Amino acid sequence: MSYLGIDLGTSGLRALLVDDEGRPLGAAERHYAVANPASGWSEQDPADWIAAFRGAVADLRAAHPQFAGLRGIGVAGHMHGATVLDAADRVLRPCILWNDTRSHVEAAALDADPRFRALTGNIVFPGFTAPKLAWMAAHEPELFARAARVLLPAAYLNLWLTGEHVGDLSDASGTSWLDTGARDWSEDLLAATGMTRAQMPRLVEGSGAAGRLRADLAAEWGLAAPVTVAGGAGDNAAAACGIGAMAEGAGFVSLGTSGVLLAARDGYAPAPDTALHSFCHAVPGRWYQMGVMLAATDCLNWLGRITGTSPAALTADLGPLRAPGPVRFLPYLSGERTPHNDPAIRGSFTGLASATGRDDLTRAVLEGVAFGLADSLAALQATGAHPTRLMAIGGGARSRTWLQIIATALDVTLTLPADGEFGAALGAARLGMVAAGGGEVDQVMTAPDVTDEIAPDQALRGAFDAALQGFRAAYPAIRAVQ
């Protein structure tokens, strides 16, 4: 038997085929574009997701005969996207993506209603789904009037796979319509944006069955046995499943385009005033919390572009870890979520001198991202989560220098997983396996082998703490003059 995990990303789709022990058999990828028709807008055609899915499956079928034994599918998707359908399930407009900020006015208005934070456990961010529909009601009233269903990207793929409108609780947590503690849609919050439960997908746990693969797709793919499609997950919940972050305090630091610090929780302890995200996990009876910074490796990529140097070359010759210098970098190139919830703040350097060189700027960028993650950790700690070990994942985790800086700034040991699959696609495949009866959650959602550990440099902890305090003091000062 085999299982298929789909990671529906912002720039591309990754499909991972695993065997009945969860071991990777093969992977395929397809890429697609993001449209930016106006400043702050970010959209995507859902037809591109389907084309990418079909292409990836064709590649896997051609290369891996084990595909014929497929028994389960799980889809992980980029969160918050508004895929709006009419009564015949036709897409009414391009999907408004997670990084679209057009609905900042509507988000602020909804966030001013105390019911939203009280029931969802989260700030209403401009990237969330509910304010996007409020924006449509104000700016595209004819389309809004025809909206019969609103699906998140992963739920839209579930619809294509099963013919059913069904989504999972981890993904629904990022809509601003979910009562996150009760794990169900809130009629009050839906009504506040002119929506009803009938326009929402049916909710299941991510590891539960969403439906069966459509007979026509099964025949097209040469599958004889029934295939179960799981509820799936939002991308970060799926990544947590991929690295086995299920128990209280287990989590990861992800250094991708954006930065994420995530910890699994056995209970529900929201802290919306910190801009911490408190979401349902992809498995029953568990939640997770995460701090999100909108630019992580994006900051290093930006410095590389303006200096004509690759990110790898920027960090290659920095030498051993040392105390932070006088140059400070605020990593707010795209605004910030945790802890500021400030879409308007922008990045800055301070402490520049005639002797400042490229290496000084690079260290400041690495330290600034680390301090941003430290803000997320502080928010987590305020809710009672106290992780002492976090797995480092994402492209930025290839820089040992950066990991040393982060470990010391956070006073947390970072672990590095063995080479191989351990991200959202694997987590999605694991959800498909559990949904299809291939194992229980605690048997399937296991942690990868650890190949290395990076402990905080205790001799430099005092210097990093002092620099962190300066970093925090810089935000209101810079914000006041921007």
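The UniProt annotation "domain: Carbohydrate kinase FGGY C-terminal", from an unreviewed entry, covers residues 252-436. UniProt positions follow the numbering used here, feature names are shortened, and annotations may be inferred rather than shown by experiment. Within this span, 35% is helix and 21% is strand. The end C-alpha atoms of residues 252-436 lie 27 Å apart. Helices (H or I, at least four residues) and strands (E, at least two) are DSSP runs, numbered from the N terminus.

The model is predicted: local features need pLDDT of at least 70, side-chain atom pairs count only at pLDDT 80 or more, and totals for chains, interfaces and linings use all residues. Residues are numbered from 1 along each chain as its sequence is written, and side-chain values use heavy atoms, with hydrogens and water left out.

The nonpolar cores come next. A nonpolar core is a set of buried Ala, Val, Leu, Ile, Met, Phe, Trp, Tyr and Cys residues joined through side-chain atoms within 4.5 Å. Buried means under 20% relative accessible area, exposed over 50%, and partly exposed in between (1.4 Å probe, protein chains only). In soluble globular proteins, nonpolar side chains tend to be buried together. The largest nonpolar core holds 54 residues. Leu 255, Leu 261, Val 369, Leu 373, Leu 403, Ile 406 and Leu 410 touch the most other members. Helix H13 (residues 358-382) gives the most to this core, with twelve residues. A second, separate core has 44 residues, including Ala 240, Ala 282, Val 283 and Ile 393.

Contact means heavy atoms within 4.5 Å. With neighbours within four places in sequence left aside, Leu 410 is in contact with Leu 261, Ala 370, Leu 373, Ala 374 and Leu 377.

Two helix pairs were examined. Two packed helices are described by the angle between their axes and the distance between the axes. Axes are lines fitted to C-alpha atoms, for helices over the stretch in contact, and angles run from 0 to 180 degrees between N-to-C directions. Angles under 35 degrees count as roughly parallel, over 145 as roughly antiparallel, 65 to 115 as roughly perpendicular and the rest as oblique.

H13 packs against helix H17 (residues 461-481) at an angle of about 85°, with their axes 10 Å apart. H13 and H17 are therefore roughly perpendicular to each other. H13 contributes Gly 368, Phe 371, Gly 372, Ala 374, Asp 375 and Ala 378 to the contact. H17 contributes Phe 464, Ala 467, Leu 468, Phe 471 and Arg 472. By class, this contact has seven nonpolar, two polar and two charged residues. Ala, Val, Leu, Ile, Met, Phe, Trp, Tyr, Cys and Pro count as nonpolar, Asp, Glu, Lys and Arg as charged, and the others, Gly among them, as polar.

Helix H10 (residues 235-242) and helix H15 (residues 424-435) pack at about 80°, with their axes 7 Å apart. H10 is thus roughly perpendicular to H15. On H10, the contact is made by Asp 235, Ala 238, Ala 239, Cys 241 and Gly 242. On H15, it is made by Ala 424, Leu 426, Gly 427, Ala 428, Arg 430 and Leu 431. The contact of H10 with H15 has seven nonpolar, two polar and two charged residues.

Asp 235 lies in helix H10. The UniProt annotation "active site", from an unreviewed entry, covers Asp 235. Asp 235 is partly exposed, at 25% relative accessible area. Apart from neighbours within four places in sequence, Asp 235 is in contact with Ala 76, Gly 77, His 78, Met 79 and Ala 424.

Backbone geometry also stands out at some sites. Most residues other than glycine have a negative phi, and most peptide bonds are trans. Asp 89 is not a glycine, yet has a positive phi of about 65°. Asp 89 sits in the loop between strand S6 (83-85) and strand S7 (95-96). Its relative accessibility of 28% makes Asp 89 partly exposed. Ser 176, also not a glycine, has a positive phi of about 75°. Ser 176 is in the loop between helix H7 (169-172) and strand S10 (178-179). At 1% relative accessibility, Ser 176 is buried. The peptide bond from Thr 338 to Pro 339 is cis, with omega near 0°. Pro 339 belongs to the loop between strand S20 (328-330) and strand S21 (348-350).
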